[in-house]
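Biologist: Please show me the model, and then I will ask how some of its labels are reached.

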Amino acid sequence: MTQKFCGKKARQLTAAFIASVMLTGAVPVLNTSSDAKAQENVQEEAGTVQTQSDDTELLPYQDTSLSFEERAADLVARMTLEEKAAQTAAKNAPAIDRLGVHSYYYWREGIHGVARQGVATSFPSSLAMSNTWDRQLMYEVMDITSTEARGKNNRYDLNYWNPTINMARDPRWGRNEESYGEDPYLAAEMGGNAVKGMQGTDDKYIKTITTLKHYAANNCEGERQTGTSVANESTMREYYLRAFRDITENYDPGAVMSSYNGTTIYRDGEILSSSTGQKIDYVASSANSYLINDVLRRTYGFDGFVVGDCGAWDNA
């Protein structure tokens, strides 16, 4: 199963495996239980791993008695620079056959039921469900969604690009139905329970990986690739980022998606600069050191991985 990003220490697997250009769930889990041989046979038939004899010593990254961090560090150290780069170049990361690493597809959707993967339960839109103000209902809907996602994907391709927690300020956005409305508290409460339902409550394993989107201040389709959101720092933090803050601090989402738009942020009437000296003036979200490093990681404590909206990295 995919290891769970649970707790600030245990969830370092995310940073080690993915932020350090490794794939979550990509390492074959070589169990010591009775089903280990059956699992190995399935992988051998798929051409993803080489069969090891019983007297062959496991490599450290294959040893489930070691910590996630130890296994990740060992595996990444065995990858070539080209192999590492290939894992981050596209939404479809290639297999590394010589290491037994499976291919991995990052783009799945499940905002109100599993999408684009055949027959699945379709629930009401996020906006409709938010009007219930029912946290438990939101959890149960996403728990069903993640169970169906597991049935369709099982071990791999378990990244789901939801929930959408942008503030729905303008009906002309065109995607308001994806959101939970224009109230940051409501968005955080419903979105947090969506994360809980998708990722599960097991202490060690995660059902699926949720991706908070679109970070940040993104609610314009007309200029989605070229537009810039302009705000002062207090408005950005207290309104547009609040749901991201609350969900990150309380529900440990595995991933966050950087948005297409850029941002311009003012502090005391002056263009704000990040801790690295980057002036936040028409800066693409994917390259915004203030939003990603200063706020998301250092302030909110996010230790998962960041993906770009489709093609958003090109804007950087």
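Biologist: Why is Arg242 called partly exposed?

Modeller: In this predicted model, Arg242 has a relative accessible area of 27%. Buried means under 20% and exposed means over 50%, so Arg242, at 27%, is partly exposed.

Biologist: Which residues is Arg242 in contact with, leaving aside its neighbours within four places in sequence?

Modeller: Those residues are Pro184, Tyr185 and Arg237. Pro184 is 58 residues away from Arg242 along the chain, with 6.1 Å between the C-alpha atoms. Arg242 itself belongs to helix 9, residues 242–251.

Biologist: Why is Ala217 called buried?

Modeller: Buried means under 20%. The relative accessible area of Ala217 is 6%, so Ala217 is buried. Ala217 sits in the loop between strand 4 and strand 5, and its phi is near 55°, a positive value in a residue other than glycine.

Biologist: What makes Trp133 exposed?

Modeller: Its relative accessible area is 52%. The cut-off for exposed is over 50%, therefore Trp133 is exposed. Trp133 is in the loop between helix 5 and helix 6, with phi near 55°.

Note on methods. Residues are numbered from 1 along each chain as its sequence is written. This is a predicted model: local features need pLDDT of at least 70, side-chain atom pairs count only at pLDDT 80 or more; totals for chains, interfaces and linings use all residues. Side-chain values use heavy atoms; hydrogens and water are left out. Helices (H or I, at least four residues) and strands (E, at least two) are DSSP runs, numbered from the N terminus. Buried means under 20% relative accessible area, exposed over 50%, partly exposed in between (1.4 Å probe, protein chains only). Contact means heavy atoms within 4.5 Å.
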